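Biologist: I'd like to learn how to read a model like this. Could you walk me through it?

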Amino acid sequence: MNDTGIKADKYTRGIALMLFCEVFWIMTSALTKHLTEFYPPFQLLFFRNILTVPILYFSLPVIYGSITLRTNRSFLHVLHGVIGAVGMICLIVGINQTTLSETVTITYAAPLFITVLSIPFLGERVGFRRWSAVIVGFFGVLVVARPDIEIDPIIFILLFGTFCFSVTVIIRRFLSRTEKSAVITFYFVLIGSFIGGVGLYWQWLTPSIFDFGLLIGLGLLAAVTQISLTMAIKETPVSILSPLFYLSLSAAVVIDIVFWNIFPDINTIFGAGIIILAGLFIIYREGNLKIFYIIMKKNNFFEKNSVNVDKNKKI
């Protein structure tokens, strides 16, 4: 078996965990959108993070066996958490004013931002083809924003939130050289909880018993999302998992239709297609789409729903 085949076997578990993470991420996003109608951003930021802290802390021995939270890179952890919290506040504000599918589509611009940021901060070389993909991808964002009518300012808030997320990915790459993924995630949600907690001084609305249950549910969904993501990253590099991020759009469209009776317009569909193709091309140029394809093929992902019409050829 060649090296690519060995990597494919090794990464299968990470792919499965990432699919699990995607399901809970879209559920978390949908519940967040519902709760933004009644509760302020900092309150939602607090509940999205606070339950993850103890759950992740007690899960660390299960995931890694033994691990220490001691770190010599406190500044980077704080910077990572603060920028992440700012990005999350932007996405919470944005998801209240747009459809779930539009929000998800805008977040797909992250690989484009990451490609640009990787040049000055990671010293990566980006060739003409990847630059072309970035430009085409941002054109897709413009299609979603509909500049021919009037650009909604909320699109800029979502884009800034996505940019913040992209910056955290770059910082995470620096941290991952010396820190385990679970440790990075722990400090990320800890700082997010702290910032959300500080914001509660100005933004607290006492929830009803039912809504308090929903807020706790939001925290639990976010905790499962973070832990499954942490376990997936432990098994498989993020660059291999990247194609799975695009599966969430179809789920977002279904949720918009079922719960809000909102159908995606042609701009969102067309723009999303452009952004997804540009993102997948960037992943392909990084050399990781081939491994992802082999993993899917080895697990019969492309064949399990097909019908073998020529049974005589079966040996």
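This is a predicted model: local features need pLDDT of at least 70, side-chain atom pairs count only at pLDDT 80 or more; totals for chains, interfaces and linings use all residues.

Biologist: At what angle do helix 4 and helix 8 pack, and how far apart are their axes?

Modeller: Two packed helices are described by the angle between their axes and the distance between the axes. Here, helix 4 and helix 8 pack at about 155 degrees, and their axes are 8 Å apart. Angles over 145 degrees count as roughly antiparallel, so that's what helix 4 and helix 8 are to each other. Helix 4 makes a left-handed crossing as it passes helix 8.

Biologist: How do the residues of that contact divide into nonpolar, polar and charged?

Modeller: In the contact of helix 4 with helix 8 you get 17 nonpolar residues, nine polar and one charged.

Biologist: Let's zoom out. How many helices and strands does the protein have?

Modeller: There are 14 helices and zero strands. As for burial, 50% of the 315 residues count as buried.

Biologist: Which residues have the most contacts inside the largest nonpolar core?

Modeller: That core has 28 residues, and the ones with the most contacts inside it are Leu100, Ile106, Tyr108 and Leu159. Several helices each supply at least two of its residues, including helix 1 (3-35), helix 4 (74-97) and helix 8 (153-175).

Biologist: Which residues is Ile106 in contact with, leaving aside its neighbours within four places in sequence?

Modeller: Ile106 touches Val141, Val144, Ile155, Leu158, Leu159 and Thr162. There's also a second, separate core of 16 residues, with Leu31, Tyr39, Leu44 and Ala85 among them.

How values were computed: Residues are numbered from 1 along each chain as its sequence is written. Side-chain values use heavy atoms; hydrogens and water are left out. A nonpolar core is a set of buried Ala, Val, Leu, Ile, Met, Phe, Trp, Tyr and Cys residues joined through side-chain atoms within 4.5 Å. Buried means under 20% relative accessible area, exposed over 50%, partly exposed in between (1.4 Å probe, protein chains only). Helices (H or I, at least four residues) and strands (E, at least two) are DSSP runs, numbered from the N terminus. Contact means heavy atoms within 4.5 Å. Axes are lines fitted to C-alpha atoms, for helices over the stretch in contact, and angles run from 0 to 180 degrees between N-to-C directions. Angles under 35 degrees count as roughly parallel, over 145 as roughly antiparallel, 65 to 115 as roughly perpendicular and the rest as oblique. A crossing is left-handed if the near helix is turned anticlockwise from the far one by less than a right angle, and right-handed if clockwise. Ala, Val, Leu, Ile, Met, Phe, Trp, Tyr, Cys and Pro count as nonpolar, Asp, Glu, Lys and Arg as charged, and the others, Gly among them, as polar.
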